[in-house]
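Colleague: Please show me the assembly, and then let us discuss how its chains meet.

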Amino acid sequence: MAVVGVTLDAAVRLSLGALELDISLGVGDGEVVALLGPNGAGKTTLLRALAGLVPIETGHVRLDGEVLEDTTTGRYVPPEKRSIGFVFQDYLLFPHLNVLENVAFGLRSRGSARAEAERAALRWLARVELAERARSKPSELSGGERQRVALARALAADPRVLLLDEPLSALDATTRASVRRDLKSHLSSFRGVRLMVTHDPLEAAILADRLVVMENGKHVQTGTPVEVTERPRSRYVADLVGVNLLRGEADHGSVRTPDGMTVAAAGAVSGEVFAVIHPRAVSLYRSRPDGSPRNTWRGRANGVELYGDRARVRIEGRVPIIAEVTPAALADLKLGEGAEVWLSFKATDVGVYPA
Amino acid sequence: MRRERAPLWIAVLATIGAAFFILPLVGLVVRTPWGDALGSLTSPDTLNALKLSLIASLSSTAVALVLGVPLAWVYARVEFPGRAVLRALTTLPMVLPPVVGGIALLLAFGRRGLLGSLLDSAFGITLPFTSAGVVFAETFVAMPFLVLTVEAGLRSMDRRYEDAARTLGAHRWTVFTRVTLPMIGPSLAAGAVLCWARALGEFGATITFAGNFPGVTQTMPLAVYLLLETNPEGSFILSVILLLVSLVVLVGLRRRWLWSV
Amino acid sequence: MKRLALAVLFLAACGTTSSAGASSPTALSGTVDVFAAASLTDSFKALGAAFQRQHAGVAVQFNFAGTPTLVTQIEQGAKADVFASADMTNMEKLKGEGFTSGSPQVFAHNALEIVVAPGNPNGITSLADLAKPGVIYISEAPTVPAGKYSLQALAKAGVQVTPRSLETDVKSVISKIELGEADAGIVYATDVKAAGSKVQGVPIPDRYNVVATYPLVEVRGAANPNAAMAFIAYALSPAGQSTLASFGFQGA
């Protein structure tokens with residue numbers, strides 16, 4: 001797939017264990033791209049392939065026009081020459097070196113003298129506000145501090161690309177929020193290609209300009225965080241975002257699913273479509289409701305989850321639907337596991353878009 | 001760390017195990033005529049044997065490090081056909097009776113040996129009956145200990161640290177010296193200590209390959225063996241000296257390296 | 001002369017057989033542990049086989065090693081019935097310490113011989129040649145009887161030579177000559193004979209030679225004193241003596 005003004009352009013096909021990776025990716029000048037997907041989707045493997053740590057079977061990696069790897073010509077630039085900074089999921093700070101030495105590692109490896117490298121490293125540590133911990137060992141730092149050191153270490157080597165593998169997933173919820181803020185500011189000040197991997201849509205939405213969704217090694221969807229969350233194209237994203245997603249054949253106002261069920265959807269003209277219904281739009285009744293909503297059917301309550309001041313009820317019926325109501329409403333309905341219930345949502349509440 | 005109390009049967013077996021080791025050593029210390037110890041210690045033969053033992057065992061360990069670490073690296077990191085067989089062969093000296101090892105060395109490096117005859121005719125170098133021959137024999141029997149230990153360390157190390165180093169721009173040699181070696185430090189040290197200890201105590205291969213002559217090839221174990229026949233008390237003293245030297249090194253390295261393997 | 005000797009041997013053998021018959025084979029059973037010097041290996045194995053043929057029911061078990069090693073083992077309590085030494089000194093030592101039973105008896109003599117590789121590539125013809133430059137001469141350790149005698153022989157001949165190695169027994173010296181690691185050594189005549197075509201012997205003139213005296217004795221506290229005494233008697237008998245002679249020993 002071609003993206004205008006591409007600085008990183010890669011097509012990667014490889015097999016690693018049970019994973020078959022086959023994806024093309026472009027990261028443009030000035031954008032932060034997040035790879036989103038479930039475990040085992042191949043996100044980390046793709047990152048490692050871009051860094052040259054995993055061999056590609058077919059494909060290429062080009063950075064600013066320079067070919068880093070191309071299986072048709074046999075060209076392969078080893079990782080140490082690629083100028084690609086990598087922040088690993090568990091940071092991988094060298095345990096036998098102190099923080100300053102870790103951050104200075106990249107510069108020293110490229111030939112800088114020790115004193116000079118450590119001076120530069122100290123400046124980077126100051127930027128991540130850890131200068132006073134320069135002589136500590138990684139084991140003495142907290143998770144959030146280690147993440148910042150890992151970032152400083154990657155940036156200090158002055159890379160042209162910054163790859164981040166789940167940069168916040170190892171942190172607890174409270175640390176995560178503040179580290180995320182810092183990360184966003186560091187990312188925006190980095191002049192180069194920025195590609196990160198995450199399984200947290202909130203993280204993706206806050207940090208990235210564009211999302212690429214991957215599943216089973218393949219590309220599923222790409223777009224801005226808003227586009228992806230409002231128009232999911234896979235069950236995975238739908239579940240992540242928390243909406244109902246159907247796929248079927250549109251036919252003048254209705255969508256027919258592969259099982260043969262029909263859902264009334266305004267605007268569903270023709271062709272293969274996705275239909276999304278927000279759980280908020282689904283109402284629940286003890287008996288068949290009257291009224292205009294076209295999508296009304298009976299089902300069985302099959303699982304209730306409380307999320308603070310909301311309750312999500314899963315209804316098995318014509319199509320499995322998740323409805324969101326208040327706990328008070330739930331109590332009024334006297335819904336138990338397996339209880340019969342009617343649901344209803346308007347055709348105009350069904351978002352339809354081409355598959 | 002919570003203090004754990006051993007179940008009775010474990011305590012009993014462990015005590016028997018410990019006694020098995022300690023009693024012979026206690027016997028040695030008790031029966032040694034400490035009065036004559038100083039005289040024995042300063043006799044030229046003893047000093048020669050001790051000096052030779054220390055120099056040869058340290059040299060063997062150095063050779064084992066230079067040759068063994070790359071070998072361990074190949075075993076741990078490189079896949080090639082016949083690797084398992086090669087590894088088994090290079091571990092063989094651990095199970096071979098040392099004298100058999102000595103004979104094998106003669107057949108390879110002796111005056112009429114496969115390589116030895118070449119060395120002799122081309123360079124006039126012979127190894128038997130020389131101190132270099134002692135180092136050869138000790139390296140042969142002791143190096144496998146180092147290779148096995150270092151290989152285990154390399155295998156258990158998280159290789160992603162090496163990946164991290166590479167992404168930071170380190171070439172493979174830099175990765176090896178600044179990341180891999182320091183991270184396997186405990187294994188490296190443990191392997192070196194095991195190797196040194198084995199080399200220090202080596203007897204059969206040494207006497208078969210290098211021979212026995214005071215000052216040249218007579219190491220402490222050989223001196224002890226010969227002294228046993230004429231002057232047993234003298235041999236006790238030498239044995240205890242050997243014991244003490246080994247103990248000092250093992251205890252000295254204990255905290256820093258061995259227990260963190 | 002030979003026929004007279006044979007006749008004497010024959011009569012003696014009859015005598016021995018009848019006396020053996022008198023002491024009833026049923027008295028001998030079990031095993032007899034014989035600790036013998038390394039230089040007696042092949043000859044004693046043959047002696048033991050013949051002895052077993054004569055006394056079915058007795059098994060002879062051997063422990064061959066350098067004489068000083070055997071002495072240490074016996075001092076430390078190793079189980080032995082018979083001790084055969086390669087010199088009188090070690091035997092006297094053991095006797096002085098009270099480990100023997102009865103008087104040691106000399107059963108053989110052994111002269112020294114220079115041993116070299118087949119074909120004598122270094123042209124060794126005398127003890128003096130051992131000191132030739134380029135000749136690698138090895139010896140047994142001085143604590144081993146053969147080593148001690150070697151030093152005495154060299155001293156008698158006025159030859160100064162430093163061995164390159166002091167081996168623990170004669171067998172090791174022979175092995176290294178066979179393997180070509182060393183050029184020459186001094187061992188017993190019996191050892192040269194035992195190594196057959198793998199080595200060559202160079203005789204040492206009588207005036208320089210040191211003849212080893214081999215005594216054997218019953219060990220005090222022997223588990224099988226009857227068999228021990230029978231074995232000793234066998235070694236001293238004409239049959240035993242002729243076996244020993246066939247291996248290159250000189251008589252008792």
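Modeller: Two residues are in contact if their C-beta atoms, placed from the backbone, lie within 7 Å. This is a predicted model, in which local features need pLDDT of at least 70 and side-chain atom pairs count only at pLDDT 80 or more, while totals for chains, interfaces and linings use all residues. Residues are numbered from 1 along each chain as its sequence is written, with chains lettered from A and ligands numbered from 1 in the order in which they are written.

Colleague: Which helix of chain B gives the largest share of the side that touches chain A?

Modeller: The contact draws 17 residues from chain A and 14 residues from chain B. Two elements of chain B give two or more residues to that side, helix 8 (160-167) and helix 9 (172-183); helices (H or I, at least four residues) and strands (E, at least two) are DSSP runs, numbered from the N terminus. The largest share, 6 residues, comes from helix 8 of chain B.

Colleague: Which element of chain C gives the most to the side that touches chain B?

Modeller: Chain C and chain B supply 15 residues each to their contact. On the side of chain C, helix 3 (67-75) and strand 7 (166-167) each supply at least two residues. The most, 3 residues, comes from helix 3 of chain C.

Colleague: What percentage of the residues in chain B is buried?

Modeller: Chain B has 13 helices and 0 strands. A residue is buried if 20 or more other C-beta atoms, placed from the backbone, lie within 10 Å of its own. Of the 261 residues in chain B, the buried share is 41%.

How values were computed. Buried ≥ 20, exposed ≤ 12 C-beta atoms within 10 Å, placed from the backbone.
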